[in-house]
Amino acid sequence: MSLWERLFFIIGIAIASAQSVLPGQNVYRFPNAQVLATQQKIANYGHPLRVAVNVGEQKAIKYVFLDSKMLQAGYPTSSEQGSIDLPRLPLGDWNEAHIHLDRHTGTYSIRNTTLTSHLEMINNWHPRKIDYLEFVKVEMLQHDRLQVVTHPDFDAPVLIKIASFPWDIPSLEREATVYQLLHGSGATPEFLGHVTEGGRAIGFITEYIGEVPSIRGRNMQGCLAALRILHQRGIAHGDAHNGNCLIRKDGSSVLIDFELSLETWSHEEFGRDLDIMGRCIQAFSEHA
Ligand SMILES: *[C@@H]1O[C@H](CO)[C@@H](O)[C@H](O)[C@H]1NC(C)=O
């Protein structure tokens, strides 16, 4: 990820988390679709929504772009403040729809639907593939991007991490590749497969590790050991703070969040990882 991508990513997270607590934010409502994710306006595309469309028993994931001019102008049409009533969405052979506001009638309608070829993850190294719609949500950790879910393939809840929008695919791809490089090393949560959406790979499944706060302070040295395993396999974590080290109930430590990781043999990069994690552990034990 370039510096700019990183910066926009961080700003994006800051905006997304600020938005979820701001009163008066727009709520988008479809008669037959549930909004799974939104992002700040993307130039040329309009404001993007990831939605699950329901028609009878059938369900499909679609991407909807709202004409950004209508949002800037602030045109809520329903009596409920901040709520925008959007049209019914059809199923069928499309994955992107553009919606615009008819200024005469004040209603939102579909301008066009297109079948666009979206980015997908290429390195699908694990044999298990499960469609996003087969998972049952237990808890959303970061909207639909990071969720605890259940599925009949697994005895216990698992974690899925997905690209909510096609342009998020590259960082997920990088992360899945790091999991592959570290497969069997014990330094990561167990990688359990890929998440697909209509056959396109959009994310991955891992073991879910619920944190046990009482054992965290005692077991953090394991985080440094896990980092050394990465380094022995030629990977620098790139974001090695203690929040990216999880400790299982049995006390073992694993690293997560490899979106900024690098394949490298640079001792400088390795030193930086160890330095940051070391300081986090020290700060943690001083405040414990
Ligand atoms: C669909 O509508 C959008 C928004 O008005 C427009 O930018 C786009 O070019 C249209 N696409 C097609 C295929 O007509």
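Let me begin with a term: a residue is called buried when its relative accessible area is under 20%, and exposed when that area is over 50%. The model before you is predicted. Its average pLDDT is 86, and 84% of the residues score at least 70.

With that term in hand, consider helix 6. Residues 267-287 form this helix of 21 residues, and from first C-alpha to last it reaches 30 Å, close to the 30 Å expected. Which of its residues are buried? They are Phe 270, Asp 273, Met 277, Cys 280 and Ile 281. These residues lie on the same side of helix 6, because they cover an arc of only 100° around the axis. The buried residues are covered by elements including helix 5 (221-232), strand 14 (235-236), strand 15 (245-247) and strand 16 (253-255). On the face turned away from the buried side, helix 6 carries the exposed residues His 267, Glu 268, Arg 279, Glu 286 and His 287.

Five strands make it up, in the order 2-3-4-6-7, with mixed pairing. At its edges are strand 2 (33-38) and strand 7 (107-114), each pairing on one side only. Strand 2 pairs with strand 3 (residues 47-55) in the antiparallel sense, over five bridges. Within strand 3, Arg 50 is the bridge partner of Ala 37.

Finally, a word of caution. Over residues 7-24 pLDDT stays under 50, and over residues 76-80 it likewise stays under 50. Where pLDDT is low, the predicted coordinates should not be read in detail.

Terms used
Residues numbered from 1 in each chain as written. Predicted model: local features only at pLDDT ≥ 70, side-chain atom pairs only at ≥ 80, totals over all residues. Heavy atoms only, no water. Helix = DSSP H or I, 4+ residues; strand = E, 2+ residues; numbered from the N terminus. Expected span 1.5 Å × (residues − 1). Buried < 20%, exposed > 50% of the residue type's maximum accessible area, 1.4 Å probe, protein only. Arc of directions from axis to C-beta. Contact = heavy atoms within 4.5 Å. pLDDT = per-residue confidence, 0-100. Pairing = 2+ DSSP bridges.
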